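My entries follow in the order I made them.

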Amino acid sequence: MHLSKVMFVALFYAFFAGVAPLAYGQLTPTFYDETCPNVTSIIREIIEDTLLSDARIGASLIRLHFHDCFVDGCDASILLDNTDTIESEKEALPNNNSARGFDVIDRMKARLESSENCPGIVSCADILAIAAEESVVLAGGPSWAVPLGRRDGTTANRALANLSLPSPFETLDEIKAKFTAVGLNNNTDLVALSGAHTFGRSRCQFFTNRLYNLSDCSTNPPPDDTLNSTYLATLRDLCPCNGNGSVLADLDPTTPDGFDSNYFSNLLVGQGLLRSDQLLFSTPGADTVDIVNNFSANQTAFFESFVVSMTRMGNLSLLTGTQGEIRLNCRVVNGNSTGQNIMLVSSI
C-alpha cells in the first residue's frame, strides 16, 4: 500500500506537536523552496537513472544516511575522504568495502552545483536525507516531507563509527543500547528502521556464521536454530563454507527490490537473513516481538512508524544556521583540496 504524502505530513505534524525535544528545531521541508526549488527532482532523477543498472542503489543510499546519523549526528561526515587531518569513516569496520553509493552522491552534488540558483546552497547532509526518502518512494514505500536545513560537518569520527554502528553479529541488547545511545528508542525506532532491510543485499561474510561451525565447516547441528531449515539449505548453496564471502544475498528473499512489510513476515517464519534481524522476533520475551507481529500484519502501521522514525533519526545532533558549512564537494571540507587521499571503496 502506498500512502499519500499528505497523510504523512499530517501524521508528522501530529506526532511532533506533542514531542518538544524532537521538534523540527531549525529544519523545515520548505527550506530550499526559494533558493533551489528543484533539489528533490534533481536527486530523484539521478536515483532513477542509477536504478536502471543498479537495483540495490536505493538500499545503499538509505544506509549511508543511517550510518551518517549514528556518528555525531546527520552531518555528512560519512562522505569525507581521508586527508592529512581527517581519518575517513569510510574505513571504519562497518563501512569499509561495505558502504556504497558515494559516486551517486557525487553526481547529485555536481548536478546541484551546476544548476541555476543552487550552487553552494544544498548541504551534503540534506542530499543524504532526500536521497533516502526518494529511494524508499521509488521502491514502493511511503513518501514524506523531509525536514531540511542541515549543515555539513568539517570532520569525521572513525573511532565512533567503529563503536556506535549496529553490527549483524551483536545481541539484541547490544543493538538496543546503540539506539538508546544516539537518542532513538530501542523498540519502535529499532524495529521500524530495521525494516529498511526490506530491500537491498548483504554479503555472505555477514551471515555464514549462522550456517556452519566455521572452525570445521560442520553443518549438523546447525549453528543457528532460528533459521528456517529450507532457507538454511538455500543459503548454504549460495554461500559455501570458506567460499567467496563477497557473494550477495537478498535481505528480503520474498520481494528483494520492493519496500514493503514482507521483511517482517519473513522473520515470523525464520527467514531473516542477518541474525540481528531475526533476533527482533526470535528473542524470547523481547518487546520487539509484538512490534514485528504488528508490522507484518499491518503494512500501514509499518509505513507510518517508519516515517516517524526516519524523521526522528534525521533530526539527531544537527548543525544548522551558521554552524558547519555547505560543502562544495561532499568528499572534502571546503578549502582543503590539498593533502587529499581519495579512497577506493568497493562497490560491492
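**Entry 1: a serine in strand 1**

I looked up S202 and found it buried, at a relative accessible area of 7%. I used these cut-offs: buried is under 20% relative accessible area, exposed is over 50%, and partly exposed is in between, with a 1.4 Å probe and protein chains only. S202 sits in strand 1. I took helices (H or I, at least four residues) and strands (E, at least two) as DSSP runs, numbered from the N terminus. I then listed the contacts of S202, leaving aside neighbours within four places in sequence: F207, V247, L248, A249, L251, L273 and L274. A contact here means heavy atoms within 4.5 Å.

A note on the source: this is a predicted model, in which local features need pLDDT of at least 70, side-chain atom pairs count only at pLDDT 80 or more, and totals for chains, interfaces and linings use all residues. Residues are numbered from 1 along each chain as its sequence is written, and side-chain values use heavy atoms, with hydrogens and water left out.

**Entry 2: the chain as a whole**

I counted secondary structure next. The chain has 13 helices and two strands. It holds 348 residues, and 53% of them are buried.

**Entry 3: the largest pocket**

How much space lies in the largest pocket? I read about 860 Å³. The search ran on a 1 Å grid over the protein atoms alone; a pocket is an open set of points where a 1.4 Å probe fits, with protein on both sides within 12 Å along at least five of seven lines, whereas a cavity is a set from which the probe cannot get out. Grid points are joined across faces, edges and corners, and the volume is the space filled by probe spheres set on the points.

The lining has 39 residues, and R63, H67, P166, H197 and L274 lie nearest the centre of the pocket. A lining residue has an atom within 4 Å of a point. I sorted the lining by type and got 23 nonpolar, 10 polar and six charged residues. In this sorting Ala, Val, Leu, Ile, Met, Phe, Trp, Tyr, Cys and Pro are nonpolar, Asp, Glu, Lys and Arg are charged, and the others, Gly among them, are polar.

Which element gives the largest share of the lining? Helix 3 does, with six residues. Among the elements that each supply at least two lining residues are helix 3 (57-69), helix 7 (172-182), helix 8 (188-194) and strand 1 (201-203). Helix 11 (275-282) and helix 13 (299-313) also supply at least two each. Domain 1 (26-165 + 316-333) and domain 2 (184-312) each give at least three lining residues. The domain bounds come from an automatic or database assignment.

**Entry 4: H197**

I went back to H197, one of the residues nearest the pocket centre. UniProt lists H197 under "binding site" in an unreviewed entry. Such annotations may be inferred rather than shown by experiment; positions are in the numbering used here and feature names are shortened. H197 lies in the loop between helix 8 and strand 1. Is H197 buried or partly exposed? It counts as partly exposed, because its relative accessibility is 26%. Not counting residues up to four places away in sequence, H197 touches L251, D252, Y263, L274 and D277.

**Entry 5: helix 11**

I finished in the loop between helix 3 and helix 4 (102-113), where D72 is placed. Most residues other than glycine have a negative phi. D72 is not a glycine, yet its phi is positive, about 60°. D72 is partly exposed at 41%. A76, in that loop too, also has a positive phi, near 60°. A76 is buried at 0%.

G73 is found in the loop between helix 3 and helix 4 and is buried at 3%. Beyond four places in sequence, G73 touches D68, L316 and S317.

I86 lies in this loop as well and is buried at 7%.
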